[in-house]
Amino acid sequence: MLEIDILAVVPGLLESPFGHSILKRAAERGLIRVRVIDLRTFGSGRHRQIDDYAFGGGAGMVLMPQPLADAIRSLQDEGAYDEIIYLTPDGERFDQRMANQLCLRRRLLFICGHYKGIDDRIRQKFMTREISIGDYVLSGGELAAAVVVDAICRLVPGVLNDETSALTDSFQDQLLAPPVYTRPAVWEDMPVPDVLLSGHEARIDDWRHAQAMERTRVRRPDLLEEGEFE
Ligand code: ADE
């Protein structure tokens with residue numbers, strides 16, 4: 001079982017992503033458990049304050065260290081984490097290789113920032129990893145956490161079956177996936193490639209590999225240059 005906790009400023013943003021389809025079934029089967037914790041529960045004072053002005057001035061609020069530390073420590077009391085991960089645009093770029101690593105852990109904590117970010121001392125003290133999902137800025141880490149957690153959870157052994165297998169995904173072998181087709185065999189004068197109807201497994205495999213190579217060469221030549229592929 002992979003246990004994932006997400007510490008969020010806007011927990012409502014994460015109400016739905018894990019309640020459908022593959023991840024819902026995975027949770028029902030006890031393969032994953034995703035929990036969303038509201039940072040405001042750990043806020044200070046009557047207003048449960050969690051942010052304050054940035055020292056040195058400048059626009060934007062910063063998440064205060066104490067509510068974050070209290071939340072993280074209270075969660076750690078329930079059990080140690082393999083990784084504590086901050087979602088931030090200045091983190092390491094998330095990719096399939098990272099998803100493959102994280103899906104083998106037992107217990108992960110994701111921290112979602114907001115506004116101008118979190119007090120840097122919290123990053124220094126607690127984070128084992130910082131992840132960005134791309135070179136653009138979201139209004140908070142919640143949607144980034146949803147993306148990362150989805151990509152990880154579907155790789156947990158047993159979550160996918162043969163039909164949904166991750167082995168043929170784009171990126172699993174440094175290649176984009178080949179095109180796919182379903183019935184009807186001819187749609188609006190457009191036929192499915194003959195080879196896919198041939199029933200000849202080896203020829204189909206060869207064709208798919210050639211298509212994957214061609215697609216990668218045209219769309220993402222950088223993947224072929226990364227050197228992990230011969
Ligand atoms: N928070 C805001 N923008 C982000 C991004 N691109 N990746 C991860 N976390 C973020």
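Strands β5 and β7 pair in the parallel sense over 5 bridges, where pairing requires that DSSP finds at least two bridges between two strands. The model is predicted, so local features need pLDDT of at least 70 and side-chain atom pairs count only at pLDDT 80 or more, while totals for chains, interfaces and linings use all residues. Residues are numbered from 1 along each chain as its sequence is written, and side-chain values use heavy atoms, with hydrogens and water left out.

**Strands and crossover**

- Helices (H or I, at least four residues) and strands (E, at least two) are DSSP runs, numbered from the N terminus.
- Ile84 stands opposite Leu109 of β6.
- A right-handed β-α-β unit is made by β5, helix α3 (residues 96–102) and β6; right-handed here means that, with the strands pointing away from the viewer, the path from the first strand over the helix to the second runs clockwise.

**Ligand shell**

- The ligand is surrounded by Leu87, Thr88, Pro89, Ile131, Ser132, Ile133, Gly134, Tyr136, Val137, Leu138, Gly140 and Ala144, the criterion being a residue heavy atom within 4 Å of the molecule.
- The shell consists of 8 nonpolar residues, 4 polar ones and no charged ones. Ala, Val, Leu, Ile, Met, Phe, Trp, Tyr, Cys and Pro count as nonpolar, Asp, Glu, Lys and Arg as charged, and the others, Gly among them, as polar.

- A nitrogen atom of the ligand lies 3.2 Å from a polar backbone atom of Thr88, within the 3.5 Å limit for a polar contact between N or O atoms.
- For Ile133, the distance from a polar backbone atom to a ligand nitrogen is 3.0 Å.
- A polar backbone atom of Leu138 is likewise 3.0 Å from a nitrogen atom of the ligand.
- Of the 260 Å² of accessible area that the ligand has on its own, the protein covers 96% (Shrake-Rupley method, 1.4 Å probe).

**Leu176**

- Leu176 is found in the loop between α5 (142–153) and β8 (186–187).
- Leu176 has a relative accessible area of 13% and is therefore buried (under 20%; exposed is over 50%, partly exposed in between; 1.4 Å probe, protein chains only).
- Leu176 and Arg25 are 151 residues apart along the chain, and their C-alpha atoms are separated by 27 Å.

Key:
A polar contact is a pair of N or O atoms within 3.5 Å; within protein, one must be able to donate a hydrogen and the other to accept it, and residues adjacent in sequence count only if both atoms are side-chain atoms.
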